[in-house]
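This report describes selected elements of secondary structure, with attention to strand order, strand pairing and helix geometry. The sequence and the model are shown below.

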Amino acid sequence: MNSRDVPHRSTLANAIYGLLNPLPFGLFVGALIFDLIYVRTAGVLWNKGAAWLIVFGLLIAVIPRFINLAQVWISSRHLAGRADKLDFWLNLFAIVTAIVNAFVHSRDAYGVVPDGVWLSACTVILLSIGHIVMAVQHSAAGMSAHE
Amino acid sequence: MNKITLRNALILALGVLLQACSGKASLLPAQQSGDAPPLPTARSFLVPPMQVPRYAGWKQGQAPQVTAGLRIERIAGGLLHPRQLYALPNGDILVVESNGPGSEPVTTPKQLIANKVKNLSGKGRKGGNRITLLRRNGTAGGEWEKHVFIDHLHSPFGVQLIGDSLYVANTDAIVKFPYVAGDTQITAAGMPFIDLPATINHHWTKALVASPDGSKLYVGVGSNSNITENGIDQEYRRANVLEVDVASAGSRIYASGLRNPTGLQIEPHTGKLWAIVNERDEIGADLVPDYLTSVQQGGFYGWPYSYFGQHVDGRVMPQRPDLVAKAIKPDFALGSHVAALGLLFSDTNALPEKYHNGAFVSEHGSWDRSPLSGYSVVHVAFVQGKPIGAPEPLVGGFYSEDESQLYGAPVGLAQDNDGALLIADDVGDAVWRVTAASP
């Protein structure tokens with residue numbers, strides 16, 4: 001969402017979204033890094049750390065995801081473009097993947113490998129595409145504003 | 001993406017999720033008993049098979065059910081989580097009232113949830129950290145006299161009398177008390193005898209039995225994890241039977257690879273050490289059968305690397321094919337997730353003859369199995385020092401017919417001087433006594 005184009009959206013909702021939305025991405029990237037280290041070292045703390053990162057990522061994602069749901073489909077749907085909708089779906093699938101991954105990460109020891117690593121990678125890839133899509137949209141919108 | 005595609009994707013995801021969650025058992029414990037139990041392929045789950053009946057306790061006058069020809073009576077109630085029984089030579093019975101020390105830290109999100117679910121059964125309630133002495137008060141029938149025998153213990157489990165010394169295995173150390181036959185209380189402080197592995201205490205019970213000549217103590221020390229998820233370095237001197245020299249208190253690892261050896265006993269005909277062992281969880285409702293086995297000096301029984309001989313467990317890293325190759329297959333499977341927690345060899349007793357010459361095993365039941373299994377006391381017949389046939393249940397009825405409520409759960413076993421089978425019940429907080437219906 002391009003906040004410069006959305007004067008009708010709640011400033012508070014935008015602030016909360018802007019504050020919380022980046023956090024799950026960072027946590028999920030951290031989980032993927034921990035997973036990769038665990039695959040190489042079999043040091044159980046990396047595995048347990050990844051499990052916590054995924055759970056906290058999911059918990060923190062709840063509020064920004066609901067704000068996004070409301071803005072894309074309800075309150076500001078006339079402002080939501082194709083990129084906003086694509087970003088919504090990418091995030092939704094990333095969250096579903098992360099939920100399944102949280103369960104996979106409840107397995108003991110090396111039972112998490114390899115399923116958990118693939119799921120962590122999927123989560124990060126989906127969110128990365130979402131971020132790129134939105135960034136490209138922002139650039140495009142910025143350019144059109146200058147033209 | 002349109003709505004129909006989304007809906008289909010969600011239905012597919014839900015289907016995969018449900019399939020991964022369902023894990024109903026297809027083998028009865030009896031079908032998975034003996035020396036060559038069928039072992040299905042190990043599975044991975046999103047949520048392992050789980051079924052936990054809610055704690056209800058026994059109503060007034062309610063008791064476990066016994067098979068035809070047997071009679072059951074309650075000889076003690078109102079105890080604080082009675083885990084273990086020990087018959088003293090003069091006929092007094094010691095009841096160890098105990099539960100885990102609660103020292104295992106929460107290090108995974110899973111533990112937060114699993115601990116809450118598991119404790120719904122009443123199995124996680126606080127123990128008395130004491131030993132109560134039961135004495136029959138002349139008149140036949142009714143409850144026995146109760147005396148607080150030793151107080152202020154630290155998650156005690158195993159008890160063994162050698163001469164006039166009573167050894168009590170707390171979760172972190174064996175302590176030694178002076179014993180005088182007939183006394184109903186020991187006030188002397190316990191003498192430290194030997195430290196035991198005490199970090200984390202994922203499995204906290206320390207089972208205890210003496211060699212026939214009283215020169216050695218065997219200590220069952222359970223693993224510090226289900227399957228090394230706390231790190232292999234936390235398994236030092238764990239999943240072992242330790243042998244302690246009584247004279248010097250020196251100790252060594254007698255046998256290894258026994259995930260959780262909760263009951264140790266000497267088989268009376270051969271004088272050999274036997275153990276009941278609780279096997280690993282979360283690879284299927286029909287895996288891995290808990291077992292009863294003779295314990296060979298220097299023997300390795302598989303945990304964590306393999307189960308029932310050479311069945312490799314992929315959850316352990318690094319793998320150890322060298323150890324798997326020499327893993328001994330246990331003598332006798334009892335069924336998956338029955339959670340054997342009490343073992344008693346009995347040649348003759350006050351039960352009908354078919355219950356002579358063999359081992360009684362109490363099965364506490366597990367959270368990791370649906371439908372429920374265990375929650376019963378079974379008899380395993382022995383011929384020439386070897387188990388034969390299928391385990392035969394003799395006491396059951398510990399949960400409601402719809403499997404939703406738990407009244408009690410059998411744990412420690414002992415035989416009183418009249419030959420009756422005594423059963424500690426740590427959910428029902430009682431001790432039960434089983435005899436033949438007509439003497």
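B:Ala414 lies opposite B:Leu422, a residue of β29(B). In this predicted model, β28(B) and β29(B), the latter covering residues 421-425, are paired in the antiparallel sense over four bridges.

Both strands belong to an open sheet of four strands in chain B, ordered β4-β30-β29-β28 with antiparallel pairing. Because β4 (70-76) and β28 (410-415) of chain B each have a single partner strand, they stand at the edges, and one side of each is left without a neighbour in the sheet. On average, neighbouring strands here are turned by 25° against each other, direction ignored.

## The sheet β13-β14-β15-β16 of chain B

Another open sheet of chain B has four strands in the order β13-β14-β15-β16, and its pairing is antiparallel. The edge positions are taken by β13 (206-210) and β16 (251-256) of chain B; each has a single partner strand, so one side of each lacks a neighbour in the sheet.

One of the residue pairings is that of B:Lys216 with its bridge partner B:Asp245 in β15(B).

## Helix α3 of chain A

Helix α3 of chain A comprises 30 residues, 44-73. From its first C-alpha to its last, α3(A) reaches 42 Å, close to the 44 Å expected at 1.5 Å a residue. At A:Val62, α3(A) has a kink of about 40°, shortly before the proline A:Pro64.

How values were computed. Residues are numbered from 1 along each chain as its sequence is written. Chains are lettered from A and ligands numbered from 1 in the order in which they are written. This is a predicted model: local features need pLDDT of at least 70, side-chain atom pairs count only at pLDDT 80 or more; totals for chains, interfaces and linings use all residues. Two strands pair if DSSP finds at least two bridges between them. Helices (H or I, at least four residues) and strands (E, at least two) are DSSP runs, numbered from the N terminus. Axes are lines fitted to C-alpha atoms, for helices over the stretch in contact, and angles run from 0 to 180 degrees between N-to-C directions. The expected span of a helix is 1.5 Å times one less than its number of residues. The bend at a residue is the angle between axes fitted to the seven residues ending there and the seven starting there.
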